[in-house]
Amino acid sequence: MIIIGGGPAGFTAALYTARANLSPLVIEGFNWGGQLMITSDVENYPGYADGVLGPAMMADFRRQAERFGAEFVTDDVTRVDLSERPFRVYVGDDEYRAEAVIVASGASARQIGLPSEQTLQGRGVSYCATCDGAFFRDKVVVVVGGGDSAMEEATFLTRFASKVVIVHRREEFRASPIMVDRARANEKIEFALNAVVEEVLGEGDGHVTGVRLRDTVTGETSDLPADGLFVAIGHDPNTALFLDWLDHDEQGYLVPEPGSTRTNIAGVFAAGDVQDHVYRQAVTAAGSGTMAALDAQRFLEEQRHHPGVVATPA
Ligand code: NAP
């Protein structure tokens, strides 16, 4: 049993398959933990009544799977061969084989796509307020995006920054009203609506000095002085390695059979954000990790009794 990915889905799948004596090997990625590692307080994971920090929660998930015998490779998968069982999963030159694979490789932060954004990454351009917020004490920062992430990051950044400007390309927000209200009520937060970042400005030692904004209605540009830019415009699924093998939609999200985690290849299952662009919550990812573990367990059970027979829906 190989589980690819070390976020809520992968670690939960590991917990369940370990407790089912399936000896899971979790190839968890070099930066295990997934998106929860770049989140601040998690207040909506049932059981943590007082809230928990994302990284602490992921360490808990991992420890719980480890307690039942899950093993971990802290590195990134570089290639897979799903043409026959045992499936082959490669980490560089190392080959791992498994009778069943759960793909739980998650999703990653999207970039605006500006050359200046690339150049100034780590010099004021960030995708993770929790990681980098503390560097911006008493500074002015810009947050791009109009979803819950942008509202959450902007609100979090007011712990450090003197001012946070949310730049959003429309007038309406994708974010839930409660998150928008919270941001609006925060006196350190300002909004630049109908605006996009056209260029990240930097000079001297190459640190961010501001952003050039373009008004999406009038086309006018203006420079906004700032010390940091936090990009919070959504995510893309980490599926590049699987696109040749597994059914996916036009955005690259894997598409398992409805109501299951079974992919088009018998013995390969998909769990978590890699197949979910709707809910994308830690708790739903953990739930789908559970589903994948149970689907995989049933599949392996069936193979044991009827080798060579393709698993069929229960
Ligand atoms: P999202 O909901 O997809 O929002 C992305 C935002 O970025 C949208 O407002 C979008 O604008 C904007 N955007 C996308 N590409 C852009 C570009 N190239 N340039 C400028 N703006 C761009 O993503 P998210 O905010 O990361 O949230 C993802 C999911 O996680 C959601 O389901 C959300 O509810 C959930 N979430 C929940 C919490 C929480 O409850 N605590 C916190 C964070 C995230 P348009 O609106 O114009 O498309």
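1. Basis of the model. This is a predicted model, in which local features need pLDDT of at least 70 and side-chain atom pairs count only at pLDDT 80 or more, while totals for chains, interfaces and linings use all residues. Residues are numbered from 1 along each chain as its sequence is written, and side-chain values use heavy atoms, with hydrogens and water left out.

2. The shell around the ligand. The ligand is surrounded by 17 residues, and the closest are Asp148, Ser149, Arg169, Arg170 and Arg174; a residue counts as near if one of its heavy atoms lies within 4 Å. By type, the shell divides into 3 nonpolar, 8 polar and 6 charged residues, where Ala, Val, Leu, Ile, Met, Phe, Trp, Tyr, Cys and Pro count as nonpolar, Asp, Glu, Lys and Arg as charged, and the others, Gly among them, as polar. Helix α5 (residues 148–157) gives the largest share of this shell, 3 residues; helices (H or I, at least four residues) and strands (E, at least two) are DSSP runs, numbered from the N terminus.

3. Domains. The protein chain is assigned domain 1 (2–109 + 235–305) and domain 2 (115–231), with bounds that come from an automatic or database domain assignment. The C-alpha centres of domain 1 and domain 2 lie 32 Å apart, and each of the two domains supplies at least three residues to the shell around the ligand.

4. The sheet β6-β7-β8. In this order, 3 strands form an open sheet with antiparallel pairing, where two strands pair if DSSP finds at least two bridges between them. The edge strands are β6 (79–81) and β8 (94–98), each pairing on one side only, and neighbouring strands are turned by 20° against each other on average, direction ignored; axes are lines fitted to C-alpha atoms, for helices over the stretch in contact, and angles run from 0 to 180 degrees between N-to-C directions. Strand β7 (residues 87–91) and β8 pair over 5 bridges, with Phe87 opposite Ala98 and Val89 opposite Tyr96.

5. The sheet β15-β16-β17. Here too 3 strands form an open, antiparallel sheet, in the order β15-β16-β17. β15 (195–203) and β17 (221–225) stand at the edges with a single partner strand each, so one side of each is left without a neighbour in the sheet. Neighbouring strands are turned by 30° against each other on average, direction ignored. β15 and strand β16 (residues 207–215) pair over 8 bridges, and Arg212 in β16 is the bridge partner of Glu199.

6. Backbone details to inspect. The hairpin of β7 and β8 has 2 residues between the strands, and in it Gly92 takes a positive phi near 60°. The peptide bond from Arg85 to Pro86 is cis, with omega near -5°, and Pro86 sits in the loop between β6 and β7. Ser23 has a positive phi of about 45° although it is not a glycine, and Ser23 lies in the loop between α1 (8–19) and β2 (25–27).
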